[in-house]
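Hi,

Here is the model I promised to pass on to you. Please have it open while you read, and my notes follow below.

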Amino acid sequence: YAIEMDSTDNDYLMNKADVLYYLGRMDECLPIIDRYIENAPDFFGGYYRRGFYKDNTRDVEGAIEDYSMAVALNPDYAYAYFGRGDMYTLQGDKEAAEADFRKAVEIDTVPETGACAMFAYLELGETDKAKEFMDRVLMNNPEDKGSYYNAACLYSRLNEYEQAISYLRQAFEKGYCDFVHMDNDDDLDNIREMEEYKTLIEEYKDKCL
């Protein structure tokens, strides 16, 4: 729907970029988000979103650059610190990664749907705090499909495969259908080759069509 919109409102560019991303059309979504940023160069959200796209297409340097700009424009946005910390981890810069993860948990104290502290705690080696925070997110948002998807990602990272699959099933049952994102999400790499995972994907792909 957003692809067909004809609007001078810059928000439609963000919507269009997101639709293209979730359709797997990565080469098309980046020029659109570039236009969004050109129209709103002082808004952190555009840089964060472009960093997210680059993050999920393995452009580590590009993602760090965009996440850093998001942090500069909004020093209180925890997800930008967490995303950049993840990229620093991939580069092997443990000191910079730890600093970003600690900043994320310092800022992100409310266990709501948009929280990322559980992942930052995990990367800091504080597994119990990661699980506790995730439990609180789910308790506060028991019907939110994205929260269950995040729980699946967390437990995949923890190598607790059965729990990850269980949460992923619950996410699907609540309507989660972003299969292109799942294909690019390295949080799920630890369970991606499991037969239980493949069976679950095939079952719910048919239901989401």
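Let me start with a helix pair: helix 10 and helix 12 are roughly parallel to each other (an angle under 35 degrees; over 145 would be roughly antiparallel, 65 to 115 roughly perpendicular, and the rest oblique). Before going on, some ground rules: this is a predicted model, in which local features need pLDDT of at least 70 and side-chain atom pairs count only at pLDDT 80 or more, while totals for chains, interfaces and linings use all residues. Residues are numbered from 1 along each chain as its sequence is written, and side-chain values use heavy atoms, with hydrogens and water left out.

**The helix pair**

Helix 10 covers residues 161-173 and helix 12 covers residues 195-208; they pack at about 5°, with axes 11 Å apart. Helices here are DSSP runs of H or I with at least four residues (strands: E, at least two), numbered from the N terminus. The axes are lines fitted to C-alpha atoms, for helices over the stretch in contact, and the angles run from 0 to 180 degrees between N-to-C directions. On the helix 10 side, the meeting residues are Ile165, Leu168, Arg169, Phe172 and Glu173, and they face Glu196, Tyr197, Leu200, Ile201, Glu203 and Tyr204 of helix 12. Contact means heavy atoms within 4.5 Å. Sorted by class, this contact has seven nonpolar, no polar and four charged residues (nonpolar: Ala, Val, Leu, Ile, Met, Phe, Trp, Tyr, Cys and Pro; charged: Asp, Glu, Lys and Arg; polar: the others, Gly among them).

**The largest pocket**

The volume of the largest pocket is about 710 Å³. A pocket is an open set of points on a 1 Å grid over the protein atoms alone, where a 1.4 Å probe fits, with protein on both sides within 12 Å along at least five of seven lines; lining residues have an atom within 4 Å of a point. Points are joined across faces, edges and corners, and the volume is the space filled by probe spheres set on them. There are 29 lining residues, and the closest to the centre are Tyr48, Phe52, Tyr79, Asn150 and His181. Helix 3 (44-55), helix 5 (78-91) and helix 9 (145-157) each give two or more residues to the lining, and helix 3 gives the most, with six. By class, the lining has 11 nonpolar, nine polar and nine charged residues.

Beyond its neighbours within four places in sequence, aspartate 66 is in contact with Tyr47, Tyr48, Arg50, Gly51 and Lys54. Tyrosine 47 lies in helix 3 and is buried too, at 10%. Among the residues that tyrosine 47 touches, not counting those up to four places away in sequence, are Asp66, Met69, Ala70 and Leu73.

**Two loop residues**

Most residues other than glycine have a negative phi. Arginine 58, in the loop between helix 3 and helix 4, has a positive phi near 65° and is partly exposed at 44%. Asparagine 159, in the loop between helix 9 and helix 10, has a positive phi of about 65° and is partly exposed at 41%.

Happy reading!

Key: Buried < 20%, exposed > 50% of the residue type's maximum accessible area, 1.4 Å probe, protein only.
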